[in-house]
Every structure is written in C-alpha cells, then in structure tokens.
Amino acid sequence: MLNRQKILHIVQQLDFPREHVWLLTGAALVVYGIKDHTRDIDIGCTHEFFETHCLTYPGQKTWADGMRSCEILPYVEMFEAWAVQRVVLTHGIPLASLEDIIRHKRQLGRPKDIRDIALIKAHCSIEQSTQC
C-alpha cells in the first residue's frame, strides 16, 4: 500500500515536468489527505508528453475509448490526455481537481468509486476547503 509519503517520493523521483502531468484518482485522494493509502498511482499526461516519453515503456495499452496508457513502474500507470478541467498544485504535486475526480468516479460507478465520492464529500464538508 502507498501512503502520502511514498507517493510524494515516487512522483518526485520520476521528475516529470509538472505542466504535462497530474495525479489522478486514488493517489490524488491520498495526497489531498482524503484517503490514507492506495494500491497504485495513476498519472494523467498531455498527448505531447505521452508521445515523447511513454512510447519507450513496455506494457502499453489502448482502451476501448481510444485512450492510451503505459506502465512506467509495476504500480504506476500513465494515461494519455485523461480529461481534467482543472489541476491543483498540492504538496508541490499537480493533482486532478476533486471536482474532476468526482465526475470520473460517477461515470465509473463502481462500489469503490461510490465510497470514494462519499469520502470526498465528507472531507469537503469538514474542511470547507477551496479545493472542494
């Protein structure tokens, strides 16, 4: 399991340009402080970054919707142009906004996504944060 400290360390070691990448889903929720840990790190990136960096990694996939991904470490996956409307810098790391994470999790609608939405909403009601 990956906690905030481990996620921040891994992302800092990857040293990707912050204007081209952002953390998604569970890893972002851990960095926000909404969850304690996650099993993997999903990273969104621009099309240009994917073309110049991800094509060298093995384990590339093209999803049914045409999105491409590549596994850059055994537990770190990069997703090309994952739709986010806003990126938030937290602990020096770019994250998909909570609104974008909620929108994506609603689309998926899996039990774990519904639980995560409830955690986000509870966090936002407690924090009254501008990130919510």
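Which residue just after H4 takes a positive phi? In this predicted model, the residue is Gly109, with a phi of about 65°.

## Overall fold

The protein contains five helices and seven strands. Their order along the sequence is α-β-α-β-α-β-β-β-β-β-α-α. The radius of gyration is 14 Å, close to the 14 Å that the globule rule gives for 132 residues, so the protein is as compact as a globular protein of that length.

Along the principal axes, the C-alpha trace spans about 45 × 30 × 25 Å. Of the contacts between residues at least 6 apart in sequence, 58% join residues at least 24 apart.

## Surface and charge

Buried residues account for 45% of the 132 residues. The protein exposes about 7,400 Å², and carbon and sulfur atoms supply 53% of that area.

The protein carries 15 positive and 16 negative charges.

## Helix H1

Helix H1 covers residues 4-14, and its residues Ile7, Leu8, Ile10 and Val11 are buried. These residues cover an arc of only 165° around the axis, which puts them on the same side of H1. An α-helix has 3.6 residues a turn, so residues three or four places apart point the same way. Gln5 and Gln13 are exposed on the other side of H1.

What do the buried residues of H1 pack against? Their partners include one helix, H2 (25-32). They also pack against the strands E1 (21-23), E2 (41-45), E4 (68-73), E5 (76-80) and E7 (93-96).

## Helix H4 and His104

Helix H4 runs over residues 98-108. Its buried residues are Leu98, Asp100, Ile101, Ile102, His104 and Lys105. Gly109, with its positive phi, comes just after this helix.

Leaving aside its neighbours within four places in sequence, His104 is in contact with Thr25 and Trp82.

How values were computed: Residues numbered from 1 in each chain as written. Predicted model: local features only at pLDDT ≥ 70, side-chain atom pairs only at ≥ 80, totals over all residues. Heavy atoms only, no water. Buried < 20%, exposed > 50% of the residue type's maximum accessible area, 1.4 Å probe, protein only. Helix = DSSP H or I, 4+ residues; strand = E, 2+ residues; numbered from the N terminus. Rg over C-alpha atoms; globule rule 2.2 N^0.38 Å. Contact = heavy atoms within 4.5 Å. Areas by Shrake-Rupley, 256 points an atom, 1.4 Å probe, with all protein chains shown as cover. Lys, Arg positive; Asp, Glu negative; His and termini not counted. Charge placed at Lys NZ, Arg CZ, Asp CG, Glu CD. Arc of directions from axis to C-beta.
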